[in-house]
Amino acid sequence: MPSLSEQLREARSQAEVCLYSGSRVVEVRAGVMAMAHLPLPPCSKYHHIAAETMVIENSFGSNRKETLASLQCLSTALNILEKYGCNLTNPNRPKYWRTVKHNNPVFRATVDAIQGGRAVLCLYGYSNQQPDGLSFPDDVTDPDVGRVAAVTLEVMSLRMELEMLIKETHPHPEFYERIIPTLRHKEVGLNTDAVVSRSSFSCNKRHSDSQTKSLAFPLQHCSLRESSHARSLSNHQSLKPIQAVLPPSKNHPENCTICGIFRITVHCLTCLQGLCAECDRLYHSYPERSKHRRTAVASSSSPSSKCGNSKSSSTWRCLHCTNVNSSQDVLCEECECPRYESLGSATDEKQPATITEWQCKSCTVVNAASSVLCEVCERPRLATRPPVTPSHPPVTPPRPPAPVLGMPGDPDSQWVCQFCTYLNYSPATMCEMCDLARPEPAPLPAKLRPPYPVRRVPALPVKPKESAQEDLNSCRQRRLKEEGLKLIQLIRDGEKNGISPEEVYTCMRVAGDCSILPCRWMKSELPLQLDKIITLAAMLSHQSNRLFEGPTEASGKVTDFKSKGVLQLSRAEAKHAWLIAGGNTERAARQALRDRLAKVEMLCSQGFSDEAHCHEVVSQSGGDVRGALALLQRPLLEPFHERIWSDKPEPAVDIHHPDKQRICRRLLAVYNLPSWGRCELALSLLLEHNAPYSLDDVVQAVRESHDREFIKRVLAKECPICLSVFPHSKMQSLTSCQCSVCCGCFQQHFTIVVRDKHIRDMVCPVCWEPDINDPEHLNSYFSTLDIQLRECLEPEVYELFHKKLTEQALIKDPKFLWCCHCSYGFIYDGDQLKVTCFQCRNSFCAQCKKPWESQHAGLSCEQFQSWKRENDPEYQKQGLAGYLRDNGITCPNCRFQYALSKGGCMHFCCSQCRYQFCSGCNNPFHTTCAVDECTVSGLHAHHPRDCLFYLRDWEPSRLQALLENNGVAFNTDPPPGTQTGLCGVIEQKDDGGQQPDSACGAQTQPGHAGLCEKHYREYLVSLINSYSIDPAHLYSSNELLLACRRYKVDDTRKDGEDGFIYYSRLLEKLMDEVPLGDKVPRKK
């Protein structure tokens, strides 16, 4: 089997290869785990880092819990150092691997907070000191991966060992318990007197040369050199006592490593432990340990070695009869009362601290102790419970003494219960008296750990006792068992009835008769006892003349408490004193009187000088100081309660008060300003000459900034609409622009727009941004605008806004229809042509949007229009004016129809959706053009060549020639019965900012079918568009060249090309590359 050094070397080499070769984390962790589990001390296991020194220097604390907490900090720092090493061994190193910055908060809190952290970084290669950290030298291009891997591996192994040590899963904790003394003392609930203090061995120092060293016990400084020196000496001088080589241990220097009871007789050089004879026989009887090298240890016993046993640990004083008993006695030999912890420092009474003034938590002003409300901010005092320091602290039952082991006989045959101190025998695992489990397991664990910190008394030669003495002890033990079992049963019965164990014990002491049940005695006799205590306390107070004499020595005041009667204690106070005094009524009366006077002094120290009233409220509260303080403060808090619960507003801060400091403190408390300087700044702004600022505006501005000029600009914003000055908090702005208007102008503008205009007009009243014709910006803009309008608009206006917003969203649905009778919109899911409006109950056609007539049933819209032109006299009477009305303008965005003429201005804005388009080709008008290489700025549209925008400039004869060439008939004469002379086509006119719909009224021309020239051209163009006739056939040469340039058609003339051939080629190329308008209204 390979030695431990060979195993360490093999595990280290395998783990290093896995680390810098990029193997899996599981393989690296397995290697680290193998290193951590090797039974070697840190000084032998770690070759690169000073592991033992790091553990010693970074472990601190007076007990095991504090030491483990410090080791947890060391483990966290090692985790960070491990990440630094893994980054260096990783083939894909971080970008800034060459430096480690000290200003990194993680580095400062972990690596820089421990001893030896920077030394590990130097081992990695960070040896160059920089002003802000560490770095690799400039001549080093790459880190030494092998060395970094070796150091990182040791860091990982040490961190794993520390984690196992913290979790108490370390297989060999004795190596760390040797160098960290406090790790050995585990908290198992035993008496702390069992742990021998350092001072108790002061007298042993002169005999340190004769003491042996137990390697399982802690050593403060145990280096590798000392260990190797000890082993070398033991090899050559095996017969000499080993204590001449090894330094003595501080705690239990002569006790066995395993049992911790008997003296060391043998020292094992292989497992490095000092053992007694019996433990050596049992431990080295195992075949694998039978060949260990052991040396004998010379015994050194001196009377002076016993000086550590003080008198206080060997005797105890009874609380009842003051008799001094032996430490082994559980009952007092004189009065046979159980052992309790001595009062110790109970006589050291501390007088309550007198509080003469208190500081306000809100405005920091110092107030008198008697005031409950602050003098400046009028906030209540945040009262805390006064320090309760009774004249005689209550006696609490102490923890019983630790078991005294090492007496003659088998040490494992007896054990003492740590709860009731009853002596039990080893076969029993439960105490026969209190039925509680034995805290310390009997079998020895497999891995050798130091014993629990129980006081071990060396075995002393004791003379055999006589048989009579043994019978006496047996009788006492039997009597203790019987009385203890009875007491436990009474305590359990009392707990069921709500009686505490202290009350049960005191009842039994006072009653004296074991047959009386405590529950019945508490109901029948205890009230009489409490009344007796109250009476005695009143008599004592009368005799002492503390309360009943007129002038007092302290203040010279005359109290009228005498006229109100004698001192009256509450039953709660009497019962508390009765329990403390152990049932003695006289002592209880004195104790209750002292407690009452102490409580009254506490209340007087809080500023309440009326002692009579203090006595009264203490009685009312049942002796509770906190309750009495609440009763005293309640009348003083009534003004504050009335103010905060009333409907009246808080009193305003008077900024013109002569005491400026008082104003600043009130601002600090009421408005919660961040600092005293901000309060002074706010006050100076308010006191400026002709300052138009309100207090709330100034406070809000000062809370956000400390710059005086900036605050003044914030407080003086000019509204661009009404030109009034307002603070920034009273201004409103939209998210789409940087304009700000006052709240009044903001509300008025959007109220008018919602009531009288279209929803697309709801833009900034200053810059008229944003352009909400863009559907992408529409939803985001209105979602933020809705939040602002909800606060400033009236409820009915805000409801109208939501209604228009809903209609705006509905018109995008293809099933949405507008009623041609009342302009009401709704969604129609049916498939029939006849639709009935839900608002006006009139019917219309779902396809052509014309009023419904009975002749339309069973006919398409085109067939119905043809029948109407041939058979309807009224329609024939209207002539082409009716035709133009029926073929009016339809919005391409919301499909709303207008019975208007298309002549005149081609730019049309829909009144329903505010969509801007050309009425001749339906192409949109916009300011931001989406067409490539467009150089036109401003509002414009791109029209096809068959749009009315271009054809309206042609003469009617030319349009008629185009129709004749394509075989399309057209009218030239007015229909019979129509009015001649004036054009009757309905069109939209601009009249003083309004756009009413009215008849054209222009003079008609002969041969224009009773229409004016403008509307007759519109009639002819509508026929051209209905039959999709291309007007390019009638283009002149100049018009053809202009059209080619307009639509980006190459008009380059070939060399020697004839003019006719050139223009014919251009015409054919134009018609092939540029089609007619796809949005132009065709035949209906």
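**Backbone exceptions, a buried histidine and helix packing**

At 56% relative accessibility, Arg841 counts as exposed, because the threshold for that class is a relative accessible area over 50%. In this predicted model, Arg841 is placed in the loop that runs between strand S19 (834-836) and strand S20 (843-845). The backbone of Arg841 has a positive phi, near 65 degrees, although the residue is not a glycine. Lys849 likewise has a positive phi without being a glycine, the value lying near 60 degrees. Lys849 belongs to the loop between S20 and helix H28 (861-871), and with a relative accessible area of 16% it is buried, since burial requires a value under 20%. Thus Arg841 is exposed, whereas Lys849 is buried.

A further backbone feature concerns a peptide bond: Glu769 and Pro770 are joined in the cis form, with omega at about 5 degrees. Pro770 is located in the loop between helix H25 (743-756) and helix H26 (775-792).

At the level of the whole protein, the model contains 35 helices and 26 strands. Of its 1084 residues, 41% count as buried, and the protein exposes about 59900 Å², of which carbon and sulfur atoms supply 52%. When contacts between residues at least 6 apart in sequence are considered, 56% of them join residues that are at least 24 apart.

Leaving aside residues up to four places away in sequence, His284 touches Cys268, Cys271, Leu275, Arg289, Ser290, His292 and Arg294.

On the side of H14 the contact involves Glu502, Glu503, Thr506, Cys507 and Val510, and on the side of H17 it involves Lys575, Trp578 and Leu579. Sorted by class, the residues of this contact comprise 4 nonpolar, 1 polar and 3 charged.

Helix H21 (residues 660-670) provides a second example, in which the buried residues are Ile663, Cys664, Arg665, Arg666, Leu667, Leu668 and Ala669. The buried residues of H21 pack against helix H22 (676-686) and helix H23 (695-704). At the start of H21, a side-chain oxygen of Asp659 comes to within 3.3 Å of the backbone nitrogen of Gln661. Following H21 is Asn672, which has a positive phi, near 55 degrees.

Conventions: Residues are numbered from 1 along each chain as its sequence is written. This is a predicted model: local features need pLDDT of at least 70, side-chain atom pairs count only at pLDDT 80 or more; totals for chains, interfaces and linings use all residues. Side-chain values use heavy atoms; hydrogens and water are left out. Contact means heavy atoms within 4.5 Å. Helices (H or I, at least four residues) and strands (E, at least two) are DSSP runs, numbered from the N terminus. Ala, Val, Leu, Ile, Met, Phe, Trp, Tyr, Cys and Pro count as nonpolar, Asp, Glu, Lys and Arg as charged, and the others, Gly among them, as polar. Buried means under 20% relative accessible area, exposed over 50%, partly exposed in between (1.4 Å probe, protein chains only). A polar contact is a pair of N or O atoms within 3.5 Å; within protein, one must be able to donate a hydrogen and the other to accept it, and residues adjacent in sequence count only if both atoms are side-chain atoms. Accessible areas come from the Shrake-Rupley method with a 1.4 Å probe; for residues, only the protein chains shown count as cover.
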